[in-house]
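Subject: Structure for your review

Dear colleague,

Please find below the structure that I am handing over to you. My notes on what was found in it follow directly after.

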Amino acid sequence: MTISLTINGKSHELDVEPDMPLLWVLRDELGMTGTKFGCGVSACGACTVHVNGEAMRTCATPISAVAGTEITTIEGLNEGGPDLTALQQAWVDHQVPQCGYCQSGMLMAVSSLLSENPNPSDDEIDAAITNICRCGTYPRIRAAIRSLATA
């Protein structure tokens, strides 16, 4: 089955099984390894990307469910520019990453939150960012979000 997607502004026609998870299309079919496999059941958020601007976990999302959509991965977060986004710079400034494995999904989830709500409360952050960080960087994540919300 041929499926059309736009990923990071580039059109793709893919001949894949319709039930193949979007994560495997990104990683195995397109070689975009920035999006990570974590749990495989949409619980941890390591596989988060934007689909039509909204955060979506890809490990359990069949490619057929996102046909015709616009997808942004961590590789496209800065829209191809050489500079870090304000969010990525906040991550560096607050030394958020520890092992770094969950960070691409975390950045995509936070980016989606801030695009919808540029000044979220702690309760709104907790409700929106349900990604799991095994290193426990949650206080640094919140500080990075706060630095952007008050900027």
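A residue is called buried here when its relative accessible area is under 20%, exposed when it is over 50%, and partly exposed in between. Please bear in mind that this is a predicted model.

**Strand 3 and its partners**

By that criterion, every residue of strand 3 (residues 48-51) is buried: Thr 48 and His 50 point one way from the strand, while Val 49 and Val 51 point the other way. Strand 3 pairs with strand 4 (residues 54-57) in the antiparallel sense, over 4 bridges. Within this pairing, Val 49 has Met 56 of strand 4 opposite it. The two strands make up a hairpin with 2 residues between them, and Asn 52 in the turn has a positive phi of about 50°. Strand 3 is also joined to strand 5 (residues 70-72), again running antiparallel, by 2 bridges. There, His 50 stands opposite Thr 72 of strand 5.

**Helix 1**

Helix 1 (residues 22-29) has buried residues at Leu 22, Leu 23, Val 25 and Leu 26. Among the elements that cover them are strand 1 (2-7), strand 2 (10-15), strand 3 and strand 5. Just after helix 1, Gly 31 adopts a positive phi of about 70°.

**Helix 5**

Helix 5 (residues 138-149) consists of 12 residues, and the distance from its first C-alpha to its last is 16 Å, close to the 16 Å expected at 1.5 Å a residue. Its buried residues are Ile 141, Ala 144, Ile 145 and Ala 149. Viewed down the axis of helix 5, these buried residues fall within an arc of 140°, so they line one face of the helix. Their cover includes helix 2 (86-93), helix 3 (103-116) and helix 4 (122-128).

**Nonpolar cores**

The largest nonpolar core comprises 20 residues, and those with the most contacts inside it are Trp 91, Met 106, Val 110 and Ile 129. Helix 2, helix 3 and helix 5 are the elements that contribute two or more residues to this core. Helix 3 provides the largest share of it, with 7 residues. Leaving aside residues up to four places away in sequence, Ile 129 touches Met 106, Ala 109, Val 110 and Leu 113. Another core, of 14 residues, lies apart from the largest one; Leu 14, Leu 26, Val 66 and Ile 71 are among its members.

How many salt bridges does a search of the whole structure find? The search returns 3.

Arg 142 and Asp 122 meet through their side chains in a salt bridge, with an N to O distance of 3.3 Å. This pair links distant parts of the chain, Arg 142 being in helix 5 and Asp 122 in helix 4, 20 residues apart. Arg 142 counts as partly exposed because its relative accessibility is 25%, and Asp 122 is likewise partly exposed, with a relative accessible area of 33%.

Asp 122 also forms a salt bridge with Arg 146, at 2.8 Å from N to O. Since Asp 122 lies in helix 4 and Arg 146 in helix 5, this pair ties together parts that are 24 residues apart in sequence. At 26% relative accessibility, Arg 146 counts as partly exposed.

Asp 126 forms a salt bridge with Arg 142, and the closest N and O atoms of this pair are 2.3 Å apart. Asp 126 belongs to helix 4 and Arg 142 to helix 5, so this pair ties together parts 16 residues apart in sequence. Asp 126 has a relative accessible area of 43% and is therefore partly exposed. Through shared partners, the salt bridges join Asp 122, Asp 126, Arg 142 and Arg 146 into one network.

With kind regards

Technical notes
Residues are numbered from 1 along each chain as its sequence is written. This is a predicted model: local features need pLDDT of at least 70, side-chain atom pairs count only at pLDDT 80 or more; totals for chains, interfaces and linings use all residues. Side-chain values use heavy atoms; hydrogens and water are left out. The expected span of a helix is 1.5 Å times one less than its number of residues. Buried means under 20% relative accessible area, exposed over 50%, partly exposed in between (1.4 Å probe, protein chains only). The arc is that of the directions from the helix axis to the C-beta atoms. Contact means heavy atoms within 4.5 Å. A nonpolar core is a set of buried Ala, Val, Leu, Ile, Met, Phe, Trp, Tyr and Cys residues joined through side-chain atoms within 4.5 Å. A salt bridge is a side-chain nitrogen of Lys or Arg within 4 Å of a carboxyl oxygen of Asp or Glu. Two strands pair if DSSP finds at least two bridges between them.
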